[in-house]
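Please look over the sequence and the structure shown here before reading on. The paragraphs that follow lead from the sheet to a helix and then to the loops.

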Amino acid sequence: MKKGKFAGEEEAGTRYWISAPYFCDFCFMFYDIIVVYINGGVKMKIKLLGTAAFEGIPALFCRCDICQESRKLGGKNIRMRSSALVDNKIGLDFTNDTLAHIHNYNLDFSVLEHLFIGHSHSDHFNYYDLEAKLKWYTNEGNPVLNVYGNKVSIEMLSSYLEKFGDISPYMKLHVLEPFTQTKVEDYTVTALPATHITDFPEEKALVYVIERNGKRIFYGLDSGWYYDETWEYLKTIHLDCMVLDCTNGFAEGGTSNHMSFKENVNVVKKLTEAGSLNASSKIVSTHFSHNGKVVYDRHCEEFAGQGIIMSYDGIEIEV
Ligand SMILES: [Zn+2]
Ligand SMILES: [Zn+2]
Ligand SMILES: [Zn+2]
């Protein structure tokens, strides 16, 4: 048990004590008593900036029923390409819509220091826009941006930036292998292998577990049914929030690249049986495609019926 001095950033689940003078009405005496606090812990928040697959909803060049209905309904039915932000400190993916997200949510990425990339697809890694971090497009004195990703993604970025010379005052690049753990202040980010095919056979797509003070958020976009090694890892930890790929929505069957609603339900079932999820875990489906035939206003109740939050752009989940 630690002696307390409470700054609002105490360790989760830790008991603290302080000594304080106490006047007893019966004895008419002062005592020094110990006050024990059981701290509820520091919260961690993930904000989903966008919640669509590559093509967006409505899709760029589409007039299908889902796109038409979404256009008409507006609001939560309109989805931009997926990316997320944890506590305004850790960026997850850097999409074609990142600038629009910065404008829509009034974000300041000049102070962002850590960006984790899932894989090289453009809806997750629009590396061209990272040129804007270099000196011609920014101002001096901002912190260096650390970009983490698999070998293929980082090599793509580094060869694109080569022509600009020394980027070290602006960006630092880090190659992650599956199961690498990265410390970011008091966060630990674990990269896990995702079942996802890209243009590069050697590429190992990644999904992430972000941990802080015993709380964990899984961010698992662009993954089909997980590899055995990913399941094994997930079964060893408790997850307070799971953000799941639901690209295929209500389309029949999943694919090796993406999950459907049915598969999201099965992930929850399997990890609940394993004890990794419990009633307080928050499950969120995201990365929707119009081909998955989902419309927020029409289907959020159906997701809720299975204990799953159907995401929308800008949703914030706190654990
Ligand atoms: Zn994607
Ligand atoms: Zn469409
Ligand atoms: Zn992808």
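What kind of unit do β8, α3 and β9 make? They make a right-handed β-α-β unit, where right-handed means that, with the strands pointing away from the viewer, the path from the first strand over the helix to the second runs clockwise. This is a predicted model, in which local features need pLDDT of at least 70 and side-chain atom pairs count only at pLDDT 80 or more, while totals for chains, interfaces and linings use all residues. Residues are numbered from 1 along each chain as its sequence is written, and chains are lettered from A and ligands numbered from 1 in the order in which they are written.

The sheet to which these strands belong is open and has 7 strands in the order β9-β8-β7-β6-β5-β4-β17, with mixed pairing. At its edges stand β9 (171–175) and β17 (316–318), each with a single partner strand, so that one side of each has no neighbour in the sheet. Helices (H or I, at least four residues) and strands (E, at least two) are DSSP runs numbered from the N terminus, and two strands pair if DSSP finds at least two bridges between them. Within the sheet, β8 and β9 run parallel and are joined by 5 bridges, with Asn146 standing opposite Lys172 in β9. Strands β6 (residues 90–92) and β7 (residues 114–116) also pair in the parallel sense, over 3 bridges, and the partner of Gly91 in β7 is Leu115.

Helix α1 (residues 65–73) has a buried side, on which the residues Ile66, Cys67 and Ser70 are found; a residue is buried if 20 or more other C-beta atoms, placed from the backbone, lie within 10 Å of its own, exposed if 12 or fewer, and partly exposed in between. These three cover an arc of only 95° around the axis (taken from the directions from the helix axis to the C-beta atoms), and therefore lie on the same side of α1. The face turned away from that side carries the exposed residues Asp65 and Lys72. Gly74, which follows α1, has a positive phi near 65°.

Most residues other than glycine have a negative phi, and most peptide bonds are trans. Ile57 and Pro58, however, are joined by a cis peptide bond with omega about -10°, and Pro58 is found in the loop between β4 (45–50) and α1. Asp93, in the loop between β6 and α2 (98–104), has a positive phi near 70° and is buried, with 28 other C-beta atoms within 10 Å. Glu185, in the loop between β10 (181–184) and β11 (187–193), has a positive phi of about 50°, but counts as exposed, with 11 C-beta neighbours inside 10 Å.
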